[in-house]
Amino acid sequence: GVGLASAARRLYPDVMDQHGAIVVLTGAGISAESGIATFRGPGGLWEGHRVEDVCTPQALTADPALVHRFYDGRRAALPDVRPNPAHESLARLDRAWPGDVLIVTQNVDDLHERAGTRRLLHMHGALTSALCAACGARAPHAGPLPPGSRCDACGAAALRPDIVFFGEYPYEMERIEAALAACDLFVSIGTSGAVYPAAGFVALAAAYGARTLELNLEPSAGSDRFDETRLGPASRLVPEWVD
Ligand code: BJW
Ligand code: ZN
């Protein structure tokens with residue numbers, strides 16, 4: 001609390017004085033040090049495919065076994081990974097910040113919630129959930145999700161991973177855009193800025209008057225749109241920013 005407040009006042013005086021509103025966007029880089037591979041870095045290929053080619057509704061139709069196998073494997077790996085100091089710092093920010101805060105994650109892992117973050121939206125879906133392609137119902141899901149799994153709500157054999165594929169509309173866009181328009185500070189952590197609409201959030205927040213800060217291992221596609229960029233591992237930069 002005190003550490004958070006003093007650091008924030010030092011770095012962002014008027015934001016802190018007004019109990020300003022903060023939006024944090026996270027990407028794969030925040031979970032990299034927990035042992036989850038990123039998409040576009042070295043070794044970040046998807047079973048030898050580009051994520052843009054296989055992470056689509058068309059690929060799910062053409063080769064459902066491939067798509068389900070990929071997500072079954074990542075879901076099964078969740079118990080073996082743990083939140084790192086970057087997730088933990090954001091959970092402290094969520095608990096301690098007196099003003100509005102919203103953590104928007106592009107990640108489908110559950111490390112933010114396991115660290116204790118509550119003001120959280122998963123814009124690209126979640127490994128811990130299944131989506132019915134027939135009726136749109138979303139339900140918590142653990143364990144493998146083979147093609148042909150049945151929906152409890154409508155009975156159709158149409159359950160699929162609850163993942164936002166390319167060409168699909170991300171979740172919670174209205175709430176996210178409202179928060180971006182209202183925020184005083186926008187912070188982007190561990191994302192390459194290659195995927196829209198998330199890559200456009202910095203420009204939207206800045207257009208509405210927010211200050212913008214990027215924390216990333218290397219300059220991203222949109223680094224020049226931020227007021228400030230700090231380069232380094234999230235496990236160091238996020239605690240330095242929050243605590
Ligand atoms: C570290 C670190 C450490 C590493 N510490 N940092 C042409 C132009 C513009 C847009 C389009 C276009 N053609 C199509 C589009 C739209 C398309 C798109 O953006 N395509 C681009 C490829 C061009 N987007 C969509 O289709 C989206 N929907 C949509 O647009 O609907 C219409 C719409 C319009 C307007 C408003 C609203 C809606 C849907 C996108 C769905 C993305 N889905 C995925 C899969 C999720 C499931 C899964 O996990 O498998 O989401 S793709 C993948 O990329 C995943 C990620 O969430 C997303 C972003 O990746 P992220 O997180 O940035 O990871 P990386 O690997 O790219 O970067 C990691 C970064 O971390 C790097 O910079 C590292 O340096 C850094 N790093 N270690 C700190 N220790
Ligand atoms: Zn259904």
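Leaving out neighbours within four places in sequence, Tyr71 is in contact with Leu127, Pro161 and Ile163, where contact means that the C-beta atoms of two residues, placed from the backbone, lie within 7 Å. The model is predicted: local features need pLDDT of at least 70, side-chain atom pairs count only at pLDDT 80 or more, and totals for chains, interfaces and linings use all residues. Residues are numbered from 1 along each chain as its sequence is written, while chains are lettered from A and ligands numbered from 1 in the order in which they are written.

**Annotated residues**

- An unreviewed UniProt entry lists Tyr71 and Arg74 under "binding site"; UniProt positions follow the numbering used here, feature names are shortened, and annotations may be inferred rather than shown by experiment.
- Helices (H or I, at least four residues) and strands (E, at least two) are DSSP runs numbered from the N terminus.
- Tyr71 is buried because 20 other C-beta atoms lie within 10 Å. A residue is buried with 20 or more other C-beta atoms within 10 Å of its own, exposed with 12 or fewer, and partly exposed in between, the C-beta atoms being placed from the backbone.
- Arg74 has 17 C-beta neighbours inside 10 Å and therefore counts as partly exposed.

**Helix α6**

- The buried residues of α6 are Val67, His68, Tyr71 and Arg75. They cover an arc of only 90° around the axis, so they sit on the same side of α6; the arc is that of the directions from the helix axis to the C-beta atoms.
- Exposed residues Ala65 and Gly73 are on the face of α6 turned away from its buried side.
- Among the elements covering the buried residues of α6 are α5 (57-62), β4 (125-132) and β6 (159-163).
- At 1.5 Å a residue, the 14 residues of α6 should span 20 Å, which agrees with the 20 Å between its end C-alpha atoms. The expected span is 1.5 Å times one less than the number of residues.

**Helix α11**

- Arg236 lies in helix α11, residues 234-242, and is partly exposed because it has 14 C-beta neighbours inside 10 Å.
- Arg236 and Leu215 are 21 residues apart in sequence, and their C-alpha atoms are 9.9 Å apart in space.

**Domains**

- The protein chain is divided into domain 1 (2-36 + 83-124 + 170-242) and domain 2 (41-80 + 126-163), with bounds from an automatic or database domain assignment.
- The contact between them takes 5 residues from domain 1 and 5 residues from domain 2.
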